[in-house]
Amino acid sequence: MLKRHLIQIDGIVQGVGFRPFVFRLAKSLKLTGSVLNSNKGVTIEVEGLQDNLTHFQNRLRQEMPPLAQITDFNSNEIPLKNDERFIIMQSEYKGDSSVLISPDMSLCEDCMREMLVPGNRRFHYPFLNCTNCGPRFTIISDTPYDRVNTSMIEFQMCEECDKEYHDPADRRFHAQPNACPKCGPQYQLFDREKRQVNTNDPVKHTKMLLRTGRIVALRGLGGYHLVVDAKNTAAIEELRERKRRAEKPFALMAANADIVEKHCQVSHRERLALQQQTRPIVLLQARYSSKLPKAIAPKSKYYGFMLPYLPLHHLLMLDEFEVLVMTSANYSDEPIVTSNQQAFDYLAPLADYFLIHNREILQRCDDSIIAVSAGHQRILRRSRGYVPAPIILNNKIKAPILAVGAELKNTVALSNGNKVVLSQHIGDLDNPEAIQFFKNSITHMQKLLNIKPHYIACDMHPEYLSRKWAYEQPLMPKIEVQHHHAHLASVMAENDNTRKTIGIILDGTGYGTDKTIWGGEVLIGDMKDVSRYAWFEPVPMPGGEAAIRDPWRMAISYLQHAFGSAMQKLTLPVLQKTKPNELNLLLQVLEKEVNSPKTSSCGRLFDAIASILDIRHSITYEAQAAIELEMSVRNNLQRTLAYPINYNLNHGALNFVPLIREIVNDKVQNVPVDNIAARFHVSLAEMLIAIAIRARKDTGIAQVGLSGGVYQNFTFFQYLVERLRGEGFKVLTHSKVPPNDGGLSLGQIAVANARL
Ligand code: ZN
Ligand code: ZN
Ligand code: FE
């Protein structure tokens, strides 16, 4: 018996080869009907035998193209039409479009093979792509996703490309960035004086430059990179010098996963993480046997490795390099450079040569960063390859909400129905470039989702520029969300869990409801409301913001807190290294309580311990002291004993004096720093576990949510997760959005929605 189904599919279904796939599938099952792109996604009508229709629906989901993602699937029976065949129909765009766009994806195997075949018309062509790979988000200015709305509009397809583009049987059917050497974008090589280098193979010439130790600025997908040969110590040191980046690790690109394995320990899961088509930077434990120069990642036990994602990357590595340093082209935390003009203006002091191309980068997008910990991929920076794929929720958000994120590691987010789309990593909103980027992202997100927000969710911090921007928007109701509540809601939202939760929220800085700076919080509640169950006992931050840059100030603050005036008699390196006049000044500041805001920040506790242990007294990049404290842990934490402190805690302010005293005692007695660091990690975790157990007794809630920047410390995170599970808790953790402030915008939307 014949039947006809009308199927409506929403999600990332355009520009990813969905229609040809449907076409082939329908034909193979002897179904008639049609498929077309519309403003609501893809609309399919299929007619045939009931069994075949069932197969069709099942295989549709199982075998769909790699870049496709279905967010909504609706099927209804309709009257028969008795078509003769199955056809791809002209696209229909009426009114608003809600179609999602795919993130940029790395070169696929098919294109890779083609690129390496001599005689192929795309042999060694750095801009080849197909419906299964290539640029998407970074080349789009507007919806719908058609060539006219991308930076490919500058390039008129040649006859051959045009034929592929219009042939449903071709894997480049409606591949919007389709191009070849005859009609598409090209690379050119320039020196820093903006003189074009006379060469007929700019890529090959660049390889020669890199081999001789030159620093090359390379225009890629979402911005410029600075590239040097990773085996050339002098070149790496020169790059550090020019970039004024003393110690922060550089990202690396390796030709393949086997080469990564020469330098790092790579588990099966980590190998998959490296090879996935999103091609993030993966943080991996370095091998002691690796011969890569120390200057790449001084004091870190991790390397951040990614595999080639652009055709250009493959061509650069081919027969030449195993590993390249590939760091974002910017100064400190400013947004990465995207335009050629900007590159010549800003990067001339940094780079010797410029390998540029003529396809505009319309959306800036950094490399994403992930790590595998406690069995899952943990995303630390969510950008290229992930944006603008949505986070899908079970329930619809009541109205479109724009969330503007935090101040550091900013992202913004916009909701539409059951989808929340987070922007790419925008970064720290402390420079005009970043603010412009922030505003552009908000405008662009609205275009992409074709939606105007009805509400704005923002942080409560009166000094956050994101919040100030929110209040400059007239007529739009604001919903203020406390920073750590947003963190908790963020981890709950990405796990699609709305039940009451004990949130152990640990980060550097967040504005509290009592107008002090929070950051070590045990919150209990749900998306709508939380109460503060326990917190780190507040200590002064002498010098305010300066205490973030100078962990020694936090060390003195904690020492003063724990020992009073007896502190000065301790034989600790931090006291010996601090100039007497500076120390006295700081003590006066503490005593008179001037410019010493109190904080319950967990990040500042890590800073203080790092300085007390003589690991780091001043930092050159964010969280450096805490990171180096983690790096100094060599012991297996599962076999490390917590300090013998009574962790049978009452709730309220958690007192760290006994812990500080134990640590100082050990340090004074020259206990190895790695032992003390390990015991600190375990003790802090045990203290929080004791509090969680107590909270469970008080409330009956057995679910814990972990969020906040401190959970980028995987040594700590993994121990805490395993122990909490061992104690019978259900533990909610991040894997879809970052635990740091990069995931905050999702939480802001969740809280705002719960309050509507
Ligand atoms: Zn491809
Ligand atoms: Zn062409
Ligand atoms: Fe935070």
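**Exercise 1.** Is Phe 606 buried or exposed?

*Solution.* The model is predicted: local features need pLDDT of at least 70, side-chain atom pairs count only at pLDDT 80 or more, and totals for chains, interfaces and linings use all residues. Residues are numbered from 1 along each chain as written, chains are lettered from A and ligands numbered from 1 in the order written, and side-chain values use heavy atoms, without hydrogens and water.
Step 1: buried means under 20% relative accessible area, exposed over 50% and partly exposed in between (1.4 Å probe, protein chains only).
Step 2: Phe 606 has a relative accessible area of 2%, so Phe 606 is buried.

**Exercise 2.** Classify the aromatic pair of Phe 190 and Phe 344.

*Solution.* Step 1: rings of Phe, Tyr and Trp (its six-membered ring) pair if their centres lie within 6.5 Å; planes under 30 degrees apart are stacked, over 60 edge-to-face and the rest tilted.
Step 2: the structure holds 14 such pairs. In one of them, Phe 190 and Phe 344 are 5.5 Å apart centre to centre with 80° between the planes, which is edge-to-face.
Step 3: Phe 190 lies in strand β6 and Phe 344 in helix α10, 154 residues apart. Helices (H or I, at least four residues) and strands (E, at least two) are DSSP runs numbered from the N terminus.
Step 4: Phe 190 and Phe 344 are both buried.

**Exercise 3.** Classify the pair of Phe 606 and Phe 716.

*Solution.* Step 1: the ring centres of Phe 606 and Phe 716 are 6.2 Å apart and the planes stand at 85°, so the pair is edge-to-face.
Step 2: the pair links helix α18, with Phe 606, to helix α22, with Phe 716, 110 residues apart.
Step 3: Phe 716 has 0% relative accessibility and therefore counts as buried.
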